[in-house]
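Thanks for coming, everyone. I have one structure to walk through today, so please look at the screen.

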Amino acid sequence: MPWILSPKEIFSVSPVVPVMVIKQIEDAVPIAQALLEGGIRVFEITLRTDAALEAIKRISKAFPEAIVGAGTVINTEQYDAVVEAGAKFAISPGATEKLLAYAAKGKIALIPGTATPSDMMKALELGYDHLKFFPAEVNGGAAALKAISAPLPQLRFCPTGGISEKNVSHYLAVDCVATVGGSWMLPNDAIVAKDWAKITALTKQAVDLATRKAR
């Protein structure tokens, strides 16, 4: 696939990928700065807000050393939009054949969301071996992913959804897990208060916990 970065490269950069819901565009660069200072340079900016595309542009320009991606990409039009905004990867909550076939020929890697063996097999048939397990906790958590992935050892996952400092170690102990997605280092009260130091501190804690548990 003609991608500027492979999913394997993206997954290998950080054991935790922050899921960023940016509501106010003026918060975009300070949040990214706080995460960088805490030791994370892979960002998933979800397309759940009107500020998302502009946030991708601003963070990509401000921090060229970061790997800025887009989350909640659900169709080919959004895939094109995030490429244009400067994203280096895209993550989707699910996996449609149309989106997967389109992204396979695109510029940036797509990491499709899957929840069942059938989802995973369909993605694998289309050439995708790095996937998102979503929503992780309500689909049985780390134990379910371990069981589901056992007959599919060629797959690697970024479980996302309901992951926090309380259960991240359970996921990172599963062989097929390369990284995890979460937002616990980005509490809304800290963002509203513009308490970037708190976000940096929580990020450092998350990286330390994930690194220790991943060893």
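What share of the 215 residues in this protein is buried? The answer is 50%. Keep in mind that this is a predicted model.

Let me start with the overall picture. The protein has 10 helices and nine strands. Its C-alpha atoms fill a box of roughly 45 × 35 × 25 Å along the principal axes. Now the contacts. Among those with a separation of 6 or more, 61% are between residues 24 or more positions apart. The accessible surface is about 9700 Å². Carbon and sulfur atoms account for 54% of that surface.

Take α5, which spans residues 97–104. Which of its residues are buried? They are Leu 99, Leu 100, Ala 103 and Ala 104. These four cover an arc of only 130 degrees around the axis, which means they sit on the same side of α5. Turn to the face pointing away from that buried side. There you find Glu 97 and Lys 98, both exposed. And what covers the buried residues of α5? The cover includes α4, β5 (109–111) and α6.

Now the aromatic residues. How many aromatic pairs does the structure hold? Two. Trp 3 belongs to the segment before α1 (7–13), and Tyr 128 to the loop between α6 (117–125) and β7. The pair therefore ties together parts that are 125 residues apart in sequence. Trp 3 and Tyr 128 are both buried.

The other pair is Tyr 79 with Tyr 102. It is edge-to-face, with 5.9 Å from centre to centre and 85 degrees between the planes. Tyr 79 is in helix α4 and Tyr 102 is in helix α5, so this pair links parts 23 residues apart in sequence. Are these two tyrosines buried or partly exposed? Tyr 79 has a relative accessible area of 2%, so Tyr 79 is buried. Tyr 102 is at 36%, so Tyr 102 counts as partly exposed.

One more ring. Lys 132 lies over the face of Phe 134, at 4.3 Å from the ring centre. Stay with Phe 134 for a moment. The peptide bond from Phe 134 to Pro 135 is cis, with omega near -15 degrees. Where is Pro 135? Look in the loop between β7 (130–133) and α7 (141–149).

Last topic: backbone angles. Thr 72 has a positive phi, near 60 degrees, and Thr 72 is not a glycine. You will find Thr 72 in the loop between β3 (67–71) and α4 (76–85). Its relative accessible area is 21%, so Thr 72 is partly exposed; the cut-off for buried is under 20%.

Then there is Lys 194. Its phi is positive too, about 55 degrees, and Lys 194 is not a glycine either. Lys 194 lies in the loop between α9 (188–192) and α10 (196–214). With 44% relative accessibility, Lys 194 counts as partly exposed.

That is my tour. Over to you for discussion.

Key:
Residues are numbered from 1 along each chain as its sequence is written. This is a predicted model: local features need pLDDT of at least 70, side-chain atom pairs count only at pLDDT 80 or more; totals for chains, interfaces and linings use all residues. Side-chain values use heavy atoms; hydrogens and water are left out. Helices (H or I, at least four residues) and strands (E, at least two) are DSSP runs, numbered from the N terminus. Buried means under 20% relative accessible area, exposed over 50%, partly exposed in between (1.4 Å probe, protein chains only). Rings of Phe, Tyr and Trp (its six-membered ring) pair if their centres lie within 6.5 Å; planes under 30 degrees apart count as stacked, over 60 as edge-to-face and the rest as tilted. A charge sits over a ring if NZ of Lys or CZ of Arg is within 6 Å of the ring centre and within 35 degrees of the ring normal. The arc is that of the directions from the helix axis to the C-beta atoms. Contact means heavy atoms within 4.5 Å. Accessible areas come from the Shrake-Rupley method with a 1.4 Å probe; for residues, only the protein chains shown count as cover.
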